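Subject: Handover of a structure

Dear colleague,

Please find below the structure that I am handing over to you.

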Amino acid sequence: MSTNALDGLAAAPGVAELPAPYSLRDFAGDVAAAAAVLESGSTQRFRAALAAPVRRLLARDDLLDCGLPRPGNNVAKSWYLYYDGTMSIVLFKVPMQPAVQPHDHGIWETLFVWRGQVRHAVYERTDDRLIQGRATLVEREAGVLGPGDFAVVAPPTDIHGFHALDDDTYGITVSSGQYKPERIYYNLEAGSCEIRRPVTLR
Ligand SMILES: [Fe+2]
């Protein structure tokens, strides 16, 4: 039994205190530690180190009640779960239609599925960038991500596109630093691209 010295309340005899939930601050610290290996260019080790923190955050059922509204760049509903001046953790409702068009970020980002299913693809741009408005992308990774599955979108493959496969789908992105002030959005079928300014840089 423990006693709270501030208000004099005591836990009922025989009632075990529940462990504190995995906090967003703890998650941010774990992701930052995992991201340190990105400086040596090891996306694979970053992925491996992300698995445990993502699994722990996935277990929280209260995230829709935790965030502050954020103006989304590609989606109608998104919320800040955490921001410390550098790292942003954002929860967002993943749209089914229209799909989020392939776009770049200029910084690393990881996206994982909290609830639902997402068809997600990561691309690398392979053309010589000499013809304005034209671009060739090569798909480097594609698949359906379910709860706890995640993708790392980091230069040189910092281009991704995605959409939800069912209506109640939520994703979480973690990024560090500011997005580029001008992003490139790609039209795969037309082999074209255009520059747009994101609403939110974090
Ligand atoms: Fe993105």
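The notes below begin with the overall layout and then turn to the sheet, the helices, the core and a loop.

The structure is a predicted model, in which local features need pLDDT of at least 70 and side-chain atom pairs count only at pLDDT 80 or more, while totals for chains, interfaces and linings use all residues. Residues are numbered from 1 along each chain as its sequence is written.

Overall layout

The chain has 2 helices and 12 strands; helices (H or I, at least four residues) and strands (E, at least two) are DSSP runs, numbered from the N terminus. Along the sequence, the pattern is α-α-β-β-β-β-β-β-β-β-β-β-β-β. Of the 202 residues, 29% count as buried. Here a residue is buried if 20 or more other C-beta atoms lie within 10 Å of its own, exposed if 12 or fewer, and partly exposed in between, with C-beta atoms placed from the backbone. Among contacts with a separation of 6 or more, 67% are between residues 24 or more positions apart; a contact requires C-beta atoms, placed from the backbone, to lie within 7 Å.

The sheet

An open sheet is formed by 6 strands in the order E1-E2-E3-E10-E5-E8, with antiparallel pairing; two strands pair if DSSP finds at least two bridges between them. Its edge strands, E1 (68-70) and E8 (150-153), each pair on one side only. On average, neighbouring strands of this sheet are turned by 30° against each other, direction ignored. Axes are lines fitted to C-alpha atoms, for helices over the stretch in contact, and angles run from 0 to 180 degrees between N-to-C directions. Within the sheet, E5 (residues 109-115) and E10 (residues 170-176) are joined by 6 bridges, and Leu111 has Thr173 in E10 as its bridge partner.

The helices

Helix H2 (residues 43-58) packs on the sheet, where H2 touches E5 and E8 and makes about 140° with the direction of E8. Helix H1 (residues 24-35) lies across E2 (78-83), E3 (87-93) and E10, at about 115° to E3. In H1, the buried residues are Phe27, Ala28, Val31, Ala34 and Ala35. They cover an arc of only 125° around the axis, which puts them on the same side of H1; the arc is that of the directions from the helix axis to the C-beta atoms. The cover over these buried residues includes H2, E2, E3 and E10, whereas Arg25 and Ala33, on the other side of H1, are exposed.

The core

The largest nonpolar core has 38 residues, and those with the most contacts inside it include Ile89, Phe112 and Ile172. Such a core is a set of buried Ala, Val, Leu, Ile, Met, Phe, Trp, Tyr and Cys residues joined through C-beta atoms within 7 Å. H1 gives the most to this core, with 5 residues. Not counting residues up to four places away in sequence, Phe112 touches Val54, Gly148, Asp149, Phe150, Gly171 and Ile172.

In strand E4 (residues 100-104), 4 of the 5 residues are buried, so E4 is largely enclosed by the rest of the structure. E4 runs antiparallel to E9 (residues 159-164), with 3 bridges between them; His103 has His160 in E9 as its bridge partner. Gln97 lies in the loop between E3 and E4 and is exposed, with 6 other C-beta atoms within 10 Å. Gln97 and His163 are 66 residues apart in sequence but 7.1 Å apart in space, C-alpha to C-alpha.

Yours sincerely

Definitions and conventions
Two residues are in contact if their C-beta atoms, placed from the backbone, lie within 7 Å.
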